[in-house]
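Here's a quick briefing on a protein you can follow along with on screen. Take a look at it first, then we'll walk through it piece by piece.

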Amino acid sequence: MNAPAVLAIVAALAVPAPVLAAMDCSRAKSNSEKLLCSNPRLAEADERMARAFRGAIHRGADPKTLMETQRVWIDDARDVCNDVECMLRAYEERISDLDNR
């Protein structure tokens with residue numbers, strides 16, 4: 001893994017989970033981003049997922065692999081949802097996946 005990637009991951013681990021999970025809602029463009037920004041249950045699920053992500057790294061999961069699977073999850077699970085319940089299910093599945101790494 002290259003030095004900038006390692007540095008970025010280390011920096012992300014030093015940030016509290018709610019800050020890591022926060023997104024700039026003024027830049028929300030996709031339906032999923034708008035849903036995330038407008039629903040407190042989704043925002044909380046996003047924070048829990050960020051904690052699960054950090055936990056997986058702390059337990060020794062490969063950060064590069066986690067980042068790759070996160071991008072796939074965003075594209076193939078989270079962003080295909082058009083409503084809150086679908087997104088909550090996607091988050092719960094991702095959190096479960098991360099908790100088992």
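Start at Arg-78: leaving out residues up to four places away in sequence, Arg-78 touches Ser-32, Glu-33, Leu-36, Trp-73, Met-87, Ala-90 and Tyr-91, where contact means heavy atoms within 4.5 Å. Keep in mind that this is a predicted model, where local features need pLDDT of at least 70, side-chain atom pairs count only at pLDDT 80 or more, and totals for chains, interfaces and linings use all residues. Residues are numbered from 1 along each chain as its sequence is written, and side-chain values use heavy atoms, with hydrogens and water left out.

**The big picture**

- The protein has six helices and zero strands; both are DSSP runs numbered from the N terminus, with helices being H or I of at least four residues and strands being E of at least two.
- Reading along the sequence, you get the pattern α-α-α-α-α-α.
- Of the 101 residues in the protein, 34% are buried; buried means under 20% relative accessible area, exposed means over 50%, and partly exposed is in between (1.4 Å probe, protein chains only).
- Take the contacts with a separation of 6 or more: 69% of them are between residues 24 or more positions apart.

- Arg-78 sits in the loop between H5 and H6.
- Is Arg-78 buried or exposed? With 10% relative accessibility, Arg-78 counts as buried.
- Over in helix H3 you'll find Ser-32, which is buried with a relative accessible area of 2%.
- If you skip its neighbours within four places in sequence, Ser-32 is in contact with Arg-78, Asp-79 and Met-87.

**How H4 packs on H6**

- Helix H4 (residues 40-58) packs with H6 at an angle of about 15°, and their axes are 9 Å apart; axes are lines fitted to C-alpha atoms, for helices over the stretch in contact, and angles run from 0 to 180 degrees between N-to-C directions.
- That angle makes H4 roughly parallel to H6 (under 35 degrees is roughly parallel, over 145 roughly antiparallel, 65 to 115 roughly perpendicular, and the rest oblique).
- H4 passes H6 in a left-handed crossing, which is the name used if the near helix is turned anticlockwise from the far one by less than a right angle, with right-handed used if clockwise.
- On the H4 side, the residues making the contact include Leu-42, Ala-45, Met-49 and Phe-53, while those from H6 include Val-84, Leu-88, Tyr-91 and Ile-95.
- Sorted by class, the contact of H4 with H6 has 12 nonpolar, no polar and seven charged residues; Ala, Val, Leu, Ile, Met, Phe, Trp, Tyr, Cys and Pro count as nonpolar, Asp, Glu, Lys and Arg as charged, and the others, Gly among them, as polar.

**How H5 packs on H6**

- Helix H5 (residues 63-76) and helix H6 (residues 84-99) pack at an angle of about 165°, with axes 12 Å apart.
- H5 and H6 are therefore roughly antiparallel to each other.
- The crossing of H5 past H6 is right-handed.
- Leu-66, Thr-69, Gln-70 and Trp-73 from H5 meet Ala-90, Tyr-91, Arg-94 and Leu-98 from H6.
- That contact of H5 with H6 is made up of five nonpolar, two polar and one charged residues.

**The disulfides**

- How many disulfides are there? The count comes to two, using the rule that a disulfide is a pair of cysteine sulfur atoms within 2.5 Å.
- Cys-25 is partly exposed at 39% relative accessible area, and Cys-37 is partly exposed at 29%.
- Another disulfide joins Cys-81 to Cys-86, S to S 2.2 Å.
- The torsion about the S-S bond of Cys-81 and Cys-86 is about -60°, so this disulfide is left-handed.
- Cys-81 is buried at 2% relative accessible area, whereas Cys-86 is partly exposed at 21%.
- Counting bonded cysteines along the chain, the disulfides follow the pattern 1-2, 3-4.
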